[in-house]
Each structure stands twice: as structure tokens, then as C-alpha cells.
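Here is a short briefing on one protein chain. Look at the overall build before turning to single residues.

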Amino acid sequence: ADSVAYEQKTGQGIYQGHVIIQQGTTKITADKIITYSDGTHRIAKAIALGFPARYETLPNSKQQKIIAQALQIEYDPVHKTVLL
């Protein structure tokens, strides 16, 4: 990211400009990403905004890579969901 603002009390981070978040085989790229962390500083939810924002993941080695893009992507690694 080009810039980062993080509020330790709330666990909210705002990343702007050429943002890339990668967790395992999941990668999100966007113009802006807002993250919400749990008590252990892991991402509990991320909202990616872009023109477009891009999501890609490899579910397992026997499946093809999933690639999606949208103006807004809500990623919830806890519940393993993505909302475009």
C-alpha cells in the first residue's frame, strides 16, 4: 500500500493506493482496503474497493484458480466467504 492508517484500539486498518493483501493462496488487490482484526490481530474481515478490485484464490491443488473482480469485495476468512 502507498499509505496505511491503523487504529489499534478498534483493530481497523485503512490501506490506500496499490494495495495487495495475501493470505495463503488468497490474494486481493485494490485501490483501498479496510480491514477489521480480531483479538489476535488476524484479519476477521476485509472490504476492498477499486476500479475494479480483484480477488484470486486457489481452493486446493486439484482445482483451478478462481479469479473475480468487482467495485467492492467483502472478504470474510473466518466464515470463508467472499461477496462481490
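A residue is called buried when its relative accessible area is under 20%, exposed when that area is over 50%, and partly exposed in between, using a 1.4 Å probe and protein chains only. This is a predicted model, in which local features need pLDDT of at least 70, side-chain atom pairs count only at pLDDT 80 or more, and totals for chains, interfaces and linings use all residues. Residues are numbered from 1 along each chain as its sequence is written, and side-chain values use heavy atoms, with hydrogens and water left out.

**Overall build**

- The protein chain has 6 strands and 0 helices; helices (H or I, at least four residues) and strands (E, at least two) are DSSP runs numbered from the N terminus.
- Read from the N terminus, the order of elements is β-β-β-β-β-β.
- The radius of gyration of the protein chain is 13 Å, close to the 12 Å that the globule rule gives for 84 residues, so the chain is as compact as a globular protein of that length.
- That radius is taken over C-alpha atoms, and the globule rule is 2.2 Å times the number of residues to the power 0.38.
- Along the principal axes, the C-alpha atoms of the protein chain fill a box of roughly 40 × 30 × 20 Å.

**Surface, contacts and charge**

- Of the 84 residues in the protein chain, 31% are buried.
- The protein chain has an accessible surface of about 5800 Å², and 52% of it belongs to carbon and sulfur atoms; the areas come from the Shrake-Rupley method with a 1.4 Å probe, and for residues only the protein chains shown count as cover.
- Among contacts in the protein chain with a separation of 6 or more, 25% are between residues 24 or more positions apart; a contact means heavy atoms within 4.5 Å.
- The protein chain has 9 positive and 7 negative charges, and their mean positions are 7 Å apart.
- Lys and Arg count as positive and Asp and Glu as negative, while His and the chain ends are not counted; each charge is placed at NZ of Lys, CZ of Arg, CG of Asp or CD of Glu.

**The aromatic pair**

- The whole structure holds 1 aromatic pair.
- The ring centres of Tyr-55 and Tyr-75 are 6.2 Å apart and the planes are at 45 degrees, so the pair is tilted.
- Rings of Phe, Tyr and Trp (its six-membered ring) pair if their centres lie within 6.5 Å; planes under 30 degrees apart count as stacked, over 60 as edge-to-face and the rest as tilted.
- The pair links distant parts of the chain, with Tyr-55 in strand E4 (residues 43–57) and Tyr-75 in strand E5 (residues 66–76), 20 residues apart.
- Both Tyr-55 and Tyr-75 are buried.

**Backbone exceptions**

- Most residues other than glycine have a negative phi, and most peptide bonds are trans.
- Phe-51 and Pro-52 are joined by a cis peptide bond with omega about 0 degrees, and Pro-52 lies in strand E4.
- His-18, in strand E2 (residues 12–23), has a positive phi near 55 degrees and is exposed, with a relative accessible area of 65%.
- Lys-80, in the loop between E5 and strand E6 (81–83), has a positive phi near 55 degrees and is exposed, with a relative accessible area of 75%.

**Thr-29**

- Thr-29 lies in strand E3 (residues 26–37) and is partly exposed, with a relative accessible area of 25%.
- Not counting residues up to four places away in sequence, Thr-29 touches Val-19, Ile-20, Ala-53 and Arg-54.
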